[in-house]
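Hi everyone, thanks for coming. Let me put the structure up on the screen, and then we can walk through a few parts of it together.

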Amino acid sequence: DKRSQLGAHYTDAASIRRLIEPVIREPLLAGWATVKAEMVRLLAAKKPKRAQAEQALQGFLERLRTFRVLDPACGSGNFLYLALRTLKDIEHQVMLEAETLGLQRGFPAVGPEAVIGIEINPYAAELARLTVWIGEIQWMLGHGYNLNDQPILKPLNTIEGRDALLTPEGTEATWPPADAIVGNPPFLGDKKQLAELGDQYAGLLRRAYAGRVPGGADLVCYWFE
């Protein structure tokens with residue numbers, strides 16, 4: 001369905017990373033560099049302030065644990081898969097670097113709930129959930145964590161099966177809160193919208209966003225209104 005289908009512009013991993021890096025990885029690592037520098041200062045003091053350094057570390061790890069990435073046109077979950085792996089890689093790096101400073105390394109807390117998706121196609125939404133879980137399991141096993149005592153798959157309700165633009169009543173849909181938004185919403189020119197989406201849907205869409213999105217705008221403009 002063109003209302004929620006992942007576009008062709010960022011379907012390969014390298015292209016997706018070009019979006020993930022500046023939106024997720026670089027800002028978080030910049031934040032960690034600041035926190036780490038403060039931890040080094042605290043630990044190098046004449047009277048090392050270990051408790052304060054530990055508090056700073058836990059504060060940043062909590063930021064990572066609660067960080068949420070939204071793809072409002074998630075398709076089969078390519079962006080979500082790489083976003084999750086990126087967050088887990090950052091958490092792992094943070095814990096390893098903290099360990100070199102003499103602090104204890106903990107167990108990874110970033111999990112599949114960190115990524116949020118919206119997808120109108122039921123098959124694609126379910127595939128996205130599976131893709132995210134595969135990413136979680138692969139990462140954990142690849143980094144030496146034993147999952148034998150945990151269920152392999154659990155419900156992933158953060159990936160919603162619905163339209164990202166309109167509610168069933170034809171009003172503007174809302175998105176879950178997130179710290180970062182990634183993805184590649186569908187492009188569909190004005191002249192093709194009636195044929196591809198149908199007169200009823202196109203009419204509802206334009207009425208719901210009237211005054212904010214011009215009637216002749218490409219479909220992608222509704223995602224960034």
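Let's begin with the lining of the second largest pocket in this predicted model. Arg-162, Asp-163, Leu-166, Thr-167, Pro-168, Gly-170, Ala-173, Thr-174, Tyr-201 and Leu-204 form that lining. As for volume, the second largest pocket comes to about 170 Å³.

Now please turn to the strands. Strand 2 covers residues 115-118. Val-115 and Gly-117 point one way from strand 2, while Ile-116 and Ile-118 point the other way. Are these residues buried or exposed? All of them are buried.

Strand 2 has a parallel partner in strand 1, residues 69-71, and three bridges join the two. In one of these pairings, Val-69 has Val-115 as its bridge partner. To get from strand 1 to strand 2, the chain passes through helix 3, residues 78-100, and this β-α-β crossover is right-handed.

Strand 2 also pairs with strand 3, residues 159-160, again in the parallel sense, over two bridges. There, Ile-118 has Glu-160 in strand 3 as its bridge partner.

Let me finish with a residue of helix 3, Asn-78.

Methods. Residues are numbered from 1 along each chain as its sequence is written. This is a predicted model: local features need pLDDT of at least 70, side-chain atom pairs count only at pLDDT 80 or more; totals for chains, interfaces and linings use all residues. Side-chain values use heavy atoms; hydrogens and water are left out. On a 1 Å grid over the protein atoms alone, a cavity is a set of points where a 1.4 Å probe fits but cannot get out, and a pocket is an open set with protein on both sides within 12 Å along at least five of seven lines; lining residues have an atom within 4 Å of a point. Grid points are joined across faces, edges and corners, and a volume is the space filled by probe spheres set on the points. Buried means under 20% relative accessible area, exposed over 50%, partly exposed in between (1.4 Å probe, protein chains only). Helices (H or I, at least four residues) and strands (E, at least two) are DSSP runs, numbered from the N terminus. Two strands pair if DSSP finds at least two bridges between them. A crossover is right-handed if, with the strands pointing away from the viewer, the path from the first strand over the helix to the second runs clockwise.
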